[in-house]
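I opened this notebook to record what I looked up on salt bridges and nonpolar cores. The entries follow in the order in which I made them.

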Amino acid sequence: MREIYIKENESGQRFDKFLKKYLSEAPGSFLYKMLRKKNIVLNGKKATGNEKLKKGDQVKLFLAEDTIEKFAGKGKTEHKKKKLPGISMPVLYEDADVLMYNKPAGLLSQKAKPSDVSVVEYLIEHLLETNALKEEELKTFKPSICNRLDRNTSGLITAGKSLAGLQVLSEMFKDRSVKKYYLCFVKGKIDKKAYISGYLSKDKATNQVSVTKNERKDSVFIETEYVPIAWNREITLLKVHLITGRTHQIRAHLSWQGHPLLGDPKYGDPKWNASWNKKKKNGACRQMLHAYELTMPEHMNKLEKLSGQVFKAPVPKDFYTIIRETIWEHGTQEALEVLH
């Protein structure tokens, strides 16, 4: 027999969902049979599986220990500590529920295949090392990121350490109550702020998107705002407000406007990118897009510590170099202020 007490990060879910995580290798038919026969009980009583769990609830498994180990998939679910690459990923903010990183370009937000290394792996290792999470808890709750950045986009990425943090932050990104601002270098001179909209369609086969003025089948409406910080005739440093958050939205939307991002291999200007890369001082080998700032909504009912706060991610070295070494016709001081 095994006795389990429900913790904060396991509360709020259906009992059968919890059992399917805890005994991940067990067929659903087996679990429901054990519930009917009272071999699995909740708070000492027969359960159907649709009960909502609360912190402190008691679960008893009247099963042989080898059966529990077999259906828990011990070899598969045990956390295997990895030797992660020594990537610099500063923690910008951390409390009991939330963690924010400054993600470097080149690192996946979430892994696409088992062998990948992503922000999530660094997050879990950090929480285990700081005793904010126990290996046993990974069976039924897995901390994760709440916003995604393209592999070669740097900047501010958030994660939920607790169930509350994960749920609240994810909902805020979904309902757009958190405001997201990016920095990017684009081709050409932009000297006025603007609001632009359009319709975005995605080609799943190529993982590439296109933008049109009019709605098309399966397209989604997109909105983007931007304010120029510094510019000359060749290049502009923009601060972009990502109102909607669709795949490659900033990159494709600005390219559609005739202002592709510097270094962008999919939506950029190949000749401009190549000519820029020849400049020894200002090399750029990736799309120059940085998730710079998050502004949290006021009067949050949960995660009160975050209410109204503004978080910023310092720009990486490649951004820093371009800002410092470019001769700006306008906005030199404004560009330098981004660095502080």
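**Entry 1: Asp-116 and Lys-113**

I found a salt bridge between Asp-116 and Lys-113, whose closest N and O atoms are 3.0 Å apart. I counted a salt bridge where a side-chain nitrogen of Lys or Arg lies within 4 Å of a carboxyl oxygen of Asp or Glu. Asp-116 is buried, at a relative accessible area of 9%, whereas Lys-113 is partly exposed at 46%. For these words I used relative accessible area: buried is under 20%, exposed is over 50% and partly exposed is in between (1.4 Å probe, protein chains only).

**Entry 2: Basis of the values**

I note that this is a predicted model, in which local features need pLDDT of at least 70 and side-chain atom pairs count only at pLDDT 80 or more, while totals for chains, interfaces and linings use all residues. Residues are numbered from 1 along each chain as its sequence is written, and side-chain values use heavy atoms, with hydrogens and water left out.

**Entry 3: Further salt bridges**

I recorded a count of 17 salt bridges by the rule above. Asp-269 and Lys-187 form one of them, at 2.5 Å from N to O. Asp-269 lies in the loop between α7 and α8 (270-277) and Lys-187 in strand β9, so this pair ties together parts that are 82 residues apart in sequence. I took helices (H or I, at least four residues) and strands (E, at least two) as DSSP runs, numbered from the N terminus. Lys-187 is partly exposed, with a relative accessible area of 29%.

I then looked up Asp-264 and Arg-251, whose side chains meet in a salt bridge at 2.8 Å, N to O. Asp-264 is in the loop between α7 and α8 and Arg-251 is in helix α7, so the pair links parts 13 residues apart in sequence. Asp-264 is buried at 1% relative accessibility, and Arg-251 is buried at 4%. I also noted one network, in which salt bridges with shared partners join Arg-2, Glu-65 and Glu-69.

**Entry 4: Nonpolar cores**

I defined a nonpolar core as a set of buried Ala, Val, Leu, Ile, Met, Phe, Trp, Tyr and Cys residues joined through side-chain atoms within 4.5 Å. The largest has 32 residues, and those with the most contacts inside it include Tyr-182, Leu-238 and Leu-254. Among the elements that give two or more residues to this core are β9 (179-187), β13 (235-242) and α7 (249-256). The most comes from α5, with seven residues.
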